[in-house]
Each structure stands twice: as structure tokens, then as C-alpha cells.
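Here are a few notes to read alongside the model. Please keep the structure open as you go.

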Amino acid sequence: MAGGASLHLKSRVPMASSFSTDIQNPKVQLPEKTRKSRILVLGGTGRVGGSTAIALSKLCPELRLVIGGRNREKGAAVVDTIGGNSEFSEVDIDNPKSLEAALSGVDLVVHTAGPFQQTEKCPVLEVALKTKTAYVDVCDDTNHAFRAKSFNDKAVAANIPAIISGGIYPGVSNVMAAELVRAARSESKGEPERLRFFYYTAGTGGAGPTILATSFLLLGEEVVAYNKGEKIKLKPYSGMLNIDFGRGIGKRDVYLLNLPEVRSAHEFLGIPTVSARFGTAPFFWNWGMEAMTSLLPPEFLRDRSKVQELVRMFDPVVRAVDGIAGERVSMRVDLECTNGRNTVGIFSHRRLSVSVGFSTAAFVLAVLEGSTQPGVWFPEEPEGIAIEAREVLLKRAAQGTINFVMNKPAWMVETNPKELGLGIYV
């Protein structure tokens, strides 16, 4: 690692930092020890990585950003956009020597080079531990995330903090869930018993072909959910529900998908019933996804090379429709407790391609501030994001949202609540 090899890893830095919620001036004052950290963004020439690098440059202009990717021309464009304190590094994440060279002299690596589905190893995390480099990824695949989690003991021994699934969803949604659960338990008004994640994105959310590939690959995976503590398996893109995402989004159809926050919330938050659903727009994309699960064998949808061929075929059409559909994104997290208490968190933004950057950057900043203990952690684990750091993380992630509410009853956040009188709504 760079001169800050110990960074915040061997001695914890104070949690306090200054923060402005003003989107025009959202500067974060990091501790002096980490203020000029060198951050490598792998996949930095892609939509998610590029957005993350731009968000970091806006939040902490003193950070030294390295845009890691395979395409020098695209890398140069990102560097031109960011300006000072940024550079490009050509990296092949499938080549351990290339990875080691890229991580040399780096304080923290952000892994956004998906898709993470149907991978057999965690090469970036392994090299990060070898080079003693702090780590954040945006993994949205259950198998990959829990494979990474198995490196926890090695990360503890290396005194390195690592956050897995630290993007928008999973990521911010996990922290929202953790806060709903914490609030319910702190009030001692019933035990949380059912947690549901609902996600909506218009088109691909402007996030590019990687998101399209991820969606297709997820259609090849059986959905794992939990019902009263029992693990159940369901057909992907089934179980449609019409969910109200509130102001700016409205009601949308969502379908079951296999996402890592379901298992992590069940195991680490101790919720017996957990599921996750996703939907998109226009409506015919949902029909197309349903049709693919019925017409194409799962083996085809789990084959990364065949899925990439599908992406190349559909990408021009998807981009054209994206131009009409926009890229709004919304997350709704619902918690039900044994005493009948139901609370909701909603996070909505006009542009996924912007919001995913601020969301990922929020996790990076939490690590740089010392919020994360050595080990490999999901966002909802208090060793990953300290309980006292969650509110600040959510505020940073929520830069520019059109609707962000937490711990409210459903009737208060839905699009058109109707008052029957005497303050009673339906």
C-alpha cells in the first residue's frame, strides 16, 4: 500500500467528520490520515465505476483516484471528466500479476468490474488481502458474496477491512434494512419477523451493458427466499406484486430475484422471513424477462459467454428504449413485526447512473473514516458499517434523491393515501 499503509487499519480514527447535505457542495472532510488516500476504482471506465470515481472526486477532492480498466481511450475520458488528482491504470482483473501491479501503492480498491454472477473465485479480494489493501465491492451475486465472506479470517489476520455488496442495491438497501430492524428492536415493541426488499429501475437505469448481463444471468438462478426460518427455492421472475414506491415513482410491478441481501439479512439480522423483488419499465421488458425464464433453459442463462451474446444483440434496442424510459430508480424496504408494527424505508432518485456512484462512494468513505473493522463484512453487519455511522452513510448516498424516508408507516409514504377522517388513512 501507499505511505498510509496502516491507514485506519491498525488504529481506529475518530468517527466524526463534517458533512453538508447540499448537493451543490457535498464536501466531506476526511481525517488527515486518510484525506489524500490513493483509491483504485476497478471497472472505472464502466458506468458504475465511472460514476463512483466522479462521486468520490466531488465528495473528497483531495483523494487521489486511479481509474482501472482495459480501455485506455475510455480511461482517458473518465480522467478528463474528473480532472486533477486522477490517472488511468491499465488492469486485467483476470491476471493476478496485473492486479498486484495495479494495487501496489494503493490504499483502497473499489471493485465494480462485474458481472459477478457465475464466477468461481474472488481474485480482486485475494490480491487485496495479499497486498494489504482495504476493499469495497458492489457484488450483487449471492454465491460470489458468500465466497468472499469466507475470507473473513484471512482479512482479520491481515488487519484489512473489506465491505462486500456495497453499492446501491445491495448495499444502501442493506443499511436501510438494518436501521429499520434496529429501530424496531430498540423500541421493544415486537420482534421483526418479515423483511421484504422491493426494487424498481426504469430500463437499465443508464448503467450500461453490465447491468443487462447481470439481469440475464440472474434469470438462470433459482430464487432463494426464507419463510418462517425455512429456506425455500422459487422460480426466477415469478411471484409478481404491484408495489407503491411513493412520490416520483408510483406503483410498479416487481418480481422475485435471487439477491444476496436476502440471505445476509436472514443470517446477520436474524429475520425469519425475507425476500427480494425487482421490476423495470417499460412493462414489456418485464414480460420479456418472464418469457426468457420460460423459453430458455437455465443452463443457457448461466453461461456467461452466451449471455454476453444476448447482451450484444439486445443492447442497441435497450439503449434506444432507455432514452425514452429514463433511468429512475427506487428501493422500498418493508419490515413487519410480531406486534403488527409495520415500517417502511424508501429511496428514489431520477438517475441510477448518478445515484449508484454516490452510494458506492458512501461505503468507501465509511472505510476511510475507520467505520469498518478488519474482516469481510456485509453492509448490515455492525463490524462493517458501525451503527453510529449508518445515518451519515445514508445521507451521503441520498445525494439528489427525490424521495428518501425511513421508519415510516406505509400509508405515510405511498402515492395517494386517502383520509377517511380523524387522521385515519387507507
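Where is Pro282 found? Point 1 answers this, after a word on the model. This is a predicted model, in which local features need pLDDT of at least 70 and side-chain atom pairs count only at pLDDT 80 or more, while totals for chains, interfaces and linings use all residues. Residues are numbered from 1 along each chain as its sequence is written, and side-chain values use heavy atoms, with hydrogens and water left out.

1. Pro282 sits in the loop between β12 (273–281) and α10. Helices here are DSSP runs of H or I with at least four residues, strands are runs of E with at least two, and both are numbered from the N terminus. The peptide bond leading from Ala281 into Pro282 is cis, with omega near 0°.

2. Do look at Phe283 next, which lies in helix α10 (residues 283–295). Together with Phe284 and Trp287, Phe283 forms a nonpolar patch on the surface, with about 360 Å² of accessible area in total. (Patch residues have over 30% relative accessible area and no salt bridge; like charges are joined within 9 Å and nonpolar side chains, meaning Val, Leu, Ile, Met, Phe, Trp and Tyr, within 5 Å. Areas come from the Shrake-Rupley method with a 1.4 Å probe, and for residues only the protein chains shown count as cover.)

3. Pro170 belongs to the loop between β6 (161–163) and α7 (172–186).

4. Gln118 deserves a glance too: its phi is near 60°, a positive value in a residue other than glycine. You will find Gln118 in the loop between β4 (108–111) and α4 (123–130).

5. Helix α5 (residues 142–149) and helix α9 (residues 260–268) have axes that come within 8 Å and cross at roughly 45°. (Axes are lines fitted to C-alpha atoms, for helices over the stretch in contact, and angles run from 0 to 180 degrees between N-to-C directions.) Contact, meaning heavy atoms within 4.5 Å, involves Thr142, Ala145, Phe146 and Lys149 of α5 with Pro260, Arg263, Ser264, Glu267 and Phe268 of α9.

6. The structure holds 19 salt bridges, each a side-chain nitrogen of Lys or Arg within 4 Å of a carboxyl oxygen of Asp or Glu. One of them joins Glu87 and Arg38, at 3.3 Å from N to O. This pair links distant parts of the chain, 49 residues apart: Glu87 is in strand β3 (residues 86–90) and Arg38 in strand β1 (residues 38–42).
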